[in-house]
Amino acid sequence: MPKKVRGLRGEQYEQAKHEALRGEAIQIGSDVARMMDQVLECLEASPAANVYQANGQLVRIAEQRELRRQSAAIKRQQITKVVSPHSRDSLPEALARAGVHFEKWNAKEKEYKPTMPPRELISALLAAQSYPKVPPLQGIVGAPVMRSDGSIFATPGYDPNTALYFFDDDEIAWELPNKPELVDARAAVWRIIDIFETLPFSTDGDRSVFLAALMTPFIRHLVVSAPLFAVSASTSGTGKSMICDIPSLIFTGQRAAMMPPPATHEEADKLLFSALLAKDSIVVLDNVDHPLESNSLCTYLTSGSLKQRVLGSNTEVHAKADLIMFANGNNLALVGDLNNRALSCELSVDTERPEMRSFDFDLRERVLNNRANLVRDILTIYKAWHLSGCPTPNGLSVFGRFEHWSRLVREPLGWVGLNDPLETRTRLMIGDPETEKLEAMLTSWHNVYGSERISVAQILRELDTDMVSPEMQNLGDALQDIAGDKVGLNRHRLGKFLARNQGRIINGYRILKKGVSGKVSQWSVELQGV
């Protein structure tokens, strides 16, 4: 560290350090580790360099069109700010902006001369994976957000407390709540509801799910996991895409990033990972036209991070799972464990052609025109709840895997007197094809065997006889629906289904693994309370 910085403290120290480092050139030599330390120290002192660390990479804030082709399947509005890894071309430019200069010994003139940073240094910086002196970047926000201590981050630029970067391209004069109380929070809720009065929610619970979706972006950086918001209607033209767009319009001023429903697990992995690396705030699986099943999405919704190999390299990157997922579709159905990780928002209209309805205003435009007021009202709910001691309303059930999200979203909504967003989750279970198949299997299995221990192989042998009872035939039909293929029942597929649903209770029945006999698993269907 330069001598003129020593002895200073606080802001004087940081300013003097920045000026001193900008004025010193790094001398190129054979010691790459030394040069790396000097570069990283300069970056620490230069917040304007657009160099941050995220997911074990040096990254920058870029515009959407600068992203690599891997993100092409995700449709973003033009001029979207995203996070992109630094490259061999972009990093030297960033170093120059940070005032990091290099010089090399000129033997002929016997003095150091300005030069470009050596390629081996740039390569070493990009490959390091650990950057203790470079500021971390958790995400990009387009509106003020809550901090963990109840304060509000509202100053454009980088915030060390949250590791977020606040872009305020529209230069909005944000009016933030000061010391709101419960009466102020309730007034804020009804102002929000009034703006969206034309949205045809099926129940008050569906409206609460929508309000939870509006609130989640403002605390997403504070929680490990957030549920999937599943938006459904019986027909097109009811406003499903609108529901998914509105939280993004409020939070970022732009429409949400749209992703086609992935056809395979591998495609889901790539698209989700791409969105995580870009630090998208909200991503929508748009127009899902089949029962939605995704192990990758299940993992993402409840894990703190995802790991994947970077395209074109042997480097594995851990990406923090911090975006909010939506899915929409006509009569949207979720399969298996995805139901336990989602909230259902259903729309309904009493007309044959809902797309022909006319309104006096464009709702998206109305949201943008009222964006500052909507942000103020959402933050008012949070601030008033926090100042009141973060009270927990009576009667709220546990939402497993999303306890912290429930604390910061469901509890404020319940505190101001709104319905619990979890009220709508029962319809997801009713519409789940896997749940229906499991229910049919459990009922017919118990009708045949009671709670007797039996193997899958024994059941198949008994089905392969000339004399099959009606009850046994019902069980065979149920198993065929679960694991049937062109040549009969697939034992491997059936075994995976049983293992996946072991212990799950449907109408009082559950299947349990009761040990192994002769290397063959034994199963039993039990009726609770018997």
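Biologist: Which residue of β18 is the bridge partner of V231?
Modeller: This is a predicted model, so read each value below as computed from it. β12 and β18 pair in the parallel sense. In β18, V231 has as its bridge partner C345.

Biologist: Over how many bridges do β12 and β18 pair?
Modeller: Strands of a sheet pair through backbone hydrogen bonds, parallel or antiparallel. For β12 and β18 the sense is parallel. The number of bridges between β12 and β18 is six.

Biologist: Which are the edge strands of the open sheet of five strands?
Modeller: The strand order is β13-β14-β17-β12-β18, with parallel pairing. An edge strand pairs on one side only.

Biologist: What is the average twist from one strand to the next?
Modeller: Take the open sheet in its order, β13-β14-β17-β12-β18. From one strand to the next, the twist averages 25 degrees.

Biologist: At about what angle does α7 run to β17?
Modeller: α7 lies across β12, β13, β14 (282-285), β17 (324-330) and β18. Relative to β17, the helix α7 runs at about 165 degrees.

Biologist: How far does α8 reach from its first C-alpha to its last?
Modeller: Helix α8 covers residues 265-277, which is 13 residues. At 1.5 Å a residue, 18 Å is expected. The model comes close to that, with a reach of 18 Å.

Biologist: Which residue just after α8 takes a positive phi?
Modeller: Helix α8 spans residues 265-277. Its buried residues include L276 and L277. Just after α8, a positive phi of about 60 degrees is taken by K279.

Biologist: How many salt bridges does the count come to?
Modeller: The rule asks for a side-chain nitrogen of Lys or Arg within 4 Å of a carboxyl oxygen of Asp or Glu. By this rule, the count of salt bridges is 15.

Biologist: With which residue does D159 form a salt bridge?
Modeller: The closest N and O atoms of D159 and its partner are 3.2 Å apart. D159 lies in strand β10 (residues 157-159), and its partner lies in the loop between β8 (145-146) and β9 (152-153), so the pair ties together parts that are twelve residues apart in sequence. D159 is buried at 5% relative accessible area, under the 20% cut-off.

Biologist: How many residues apart in sequence are the parts tied together by E175 and R376?
Modeller: E175 and R376 form a salt bridge, with the closest N and O atoms 3.7 Å apart. E175 lies in the loop between β11 (164-166) and α5 (182-195), whereas R376 lies in helix α11 (residues 371-387), so the separation of the parts in sequence is 201 residues.

Biologist: Is E346 buried or partly exposed?
Modeller: E346 forms a salt bridge with R427, with the closest N and O atoms 3.7 Å apart. E346 lies in strand β18 (residues 342-347) and R427 in helix α13 (residues 425-430), so the pair ties together parts that are 81 residues apart in sequence. R427 is partly exposed at 24%. At 28% relative accessibility, E346 counts as partly exposed.

Biologist: How many aromatic pairs does the structure hold, and in which geometry do F196 and F210 pair?
Modeller: The structure holds 13 aromatic pairs. The ring centres of F196 and F210 are 5.1 Å apart and their planes stand at 80 degrees, over the 60 degrees cut-off, so the pair is edge-to-face.

Biologist: Which helix holds F251?
Modeller: The rings of F218 and F251 have centres 5.1 Å apart and planes at 80 degrees, so this pair is edge-to-face. F218 is buried at 0%, and F251 is buried at 3%. F218 lies in the loop between α6 and β12 (228-233), and the pair ties together parts that are 33 residues apart in sequence. The helix that holds F251, residues 240-252, is α7.

Biologist: Which residues form one aromatic cluster?
Modeller: Pairs count when ring centres lie within 6.5 Å. The cluster consists of F229, F326, F399, F402 and W405.

How values were computed
Residues are numbered from 1 along each chain as its sequence is written. This is a predicted model: local features need pLDDT of at least 70, side-chain atom pairs count only at pLDDT 80 or more; totals for chains, interfaces and linings use all residues. Side-chain values use heavy atoms; hydrogens and water are left out. Helices (H or I, at least four residues) and strands (E, at least two) are DSSP runs, numbered from the N terminus. Buried means under 20% relative accessible area, exposed over 50%, partly exposed in between (1.4 Å probe, protein chains only). Rings of Phe, Tyr and Trp (its six-membered ring) pair if their centres lie within 6.5 Å; planes under 30 degrees apart count as stacked, over 60 as edge-to-face and the rest as tilted. Two strands pair if DSSP finds at least two bridges between them. Axes are lines fitted to C-alpha atoms, for helices over the stretch in contact, and angles run from 0 to 180 degrees between N-to-C directions. Contact means heavy atoms within 4.5 Å. The expected span of a helix is 1.5 Å times one less than its number of residues.
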